[in-house]
Amino acid sequence: MASWNSTSLEVLYEVLGWSAFASWSVSFYPQVILNFRRKSVVGLNFDFVVLNLTKHSSYLIYNATLYFSAAVQRQYYEKYGYGQMIPVAANDVAFSIHAVLLTAIMLVQIAIYDRGSQKISKISLVIVSAVWLTAAVCFFIALPTHSWLWLISIFNSIQVFMTVIKYIPQVFMNFGRKSTDGFSIGNILLDFLGGVANYAQMTVQSIDQNSWVNFYGNIGKTLLSLVSIFFDLIFMLQHFVLYRAKKSPVNPKSSKDIEEPLVKSTDQSQSEEA
């Protein structure tokens, strides 16, 4: 197993890692606090939250397994070489646990707070169901041969896929409303800082080891940073430039925001169209 060549780079690696953990972890709280103060989740896209829970759950499975399992680590070394370092740090595991808990809290807020006419789309429910069904099938494929590294790579791929699509509903919702009111920009700014720190941490490890294996050996972590930064820039553009003077009302008691079920049934949809 590889060790650090430079003590200063090792220290910088830890500082950047825990900085990313702090930024990403704290980034959940502005939205949770905003929902609590308003007693409303109007303006927060529910698909974003549902897809985000699947994303962080799959990322937790990947991080925790690779960090704690000796069998999976051995398979990693056999594939990428015993001179490489495991590309998952303690801060990655800590962040994943925290992210799952906070995203679950947001789902509870969606269930109990005023949500107006918003609902979870059937498309997102189909996507989430298909993802977990695929993961279950892959588990039974990996079981006979104990291909655990391959299996957790599937979960890593899932989190990459969910990272790519999870932001899209919120982006289009902001575009449709011509407003970011109800969606916390504090979340985005901290998420951006976390993405930059996370990418910098991986760069420091590569410089110390004189190898870029950790980037493609943990492609999920690499894309996590890049995709998050890309969408954070879009949200910042929407909030600070495009819609800064166009606030839409989000009064929980608005007569237009009559509470509806999170998912409309087929019967309801047909009765409304009649």
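How many of the 274 residues of the protein count as buried? Of these residues, 50% count as buried, where buried means under 20% relative accessible area, exposed means over 50%, and partly exposed lies in between (1.4 Å probe, protein chains only). The model shown in these views is predicted, so that local features need pLDDT of at least 70 and side-chain atom pairs count only at pLDDT 80 or more, while totals for chains, interfaces and linings use all residues. Residues are numbered from 1 along each chain as its sequence is written, and side-chain values use heavy atoms, with hydrogens and water left out.

**Figure 1. Overall fold, with 12 helices and zero strands.** From the N terminus on, the elements of the protein run α-α-α-α-α-α-α-α-α-α-α-α. Helices (H or I, at least four residues) and strands (E, at least two) are DSSP runs, numbered from the N terminus.

Figure 2. K39 is a residue other than glycine whose phi is near 55°, and its place is in the loop between α2 (29-38) and α3 (46-68). With a relative accessible area of 41%, K39 is partly exposed. K178, likewise not a glycine, has a positive phi of about 55° and lies in the loop between α8 (168-177) and α9 (185-209). K178 is partly exposed, at a relative accessible area of 33%.

**Figure 3. The largest cavity, with a volume of about 180 Å³.** The structure holds two cavities of 30 Å³ or more. On a 1 Å grid over the protein atoms alone, a cavity is a set of points where a 1.4 Å probe fits but cannot get out, and lining residues have an atom within 4 Å of a point; grid points are joined across faces, edges and corners, and a volume is the space filled by probe spheres set on the points. The largest cavity is lined by 16 residues, of which F28, H56, K166, Y167 and D191 lie nearest its centre. At least two lining residues are supplied by each of α3, α5 (90-112), α9 and α11 (219-242), and the largest share, four residues, comes from α3. By class, this lining has eight nonpolar, five polar and three charged residues, where Ala, Val, Leu, Ile, Met, Phe, Trp, Tyr, Cys and Pro count as nonpolar, Asp, Glu, Lys and Arg as charged, and the others, Gly among them, as polar.

**Figure 4. A nonpolar surface patch of about 420 Å².** The patch is made by L189, L237, F240, V241 and L242, and α11 gives the most to it, with four residues. Patches are made of residues with over 30% relative accessible area and no salt bridge, with nonpolar side chains (Val, Leu, Ile, Met, Phe, Trp, Tyr) joined within 5 Å and like charges within 9 Å; a salt bridge is a side-chain nitrogen of Lys or Arg within 4 Å of a carboxyl oxygen of Asp or Glu. L242 is found in helix α11 and is partly exposed, with a relative accessible area of 42%.

Figure 5. The C-alpha atoms of F48 and I168 are separated by 7.8 Å, although the two residues are 120 residues apart along the chain. The C-alpha atoms of I61 and I152, 91 residues apart along the chain, are separated by 7.2 Å.

Key. 1 Å grid on protein atoms, 1.4 Å probe; cavity = no way out; pocket = protein on both sides within 12 Å on 5 of 7 lines; lining within 4 Å. Areas by Shrake-Rupley, 256 points an atom, 1.4 Å probe, with all protein chains shown as cover.
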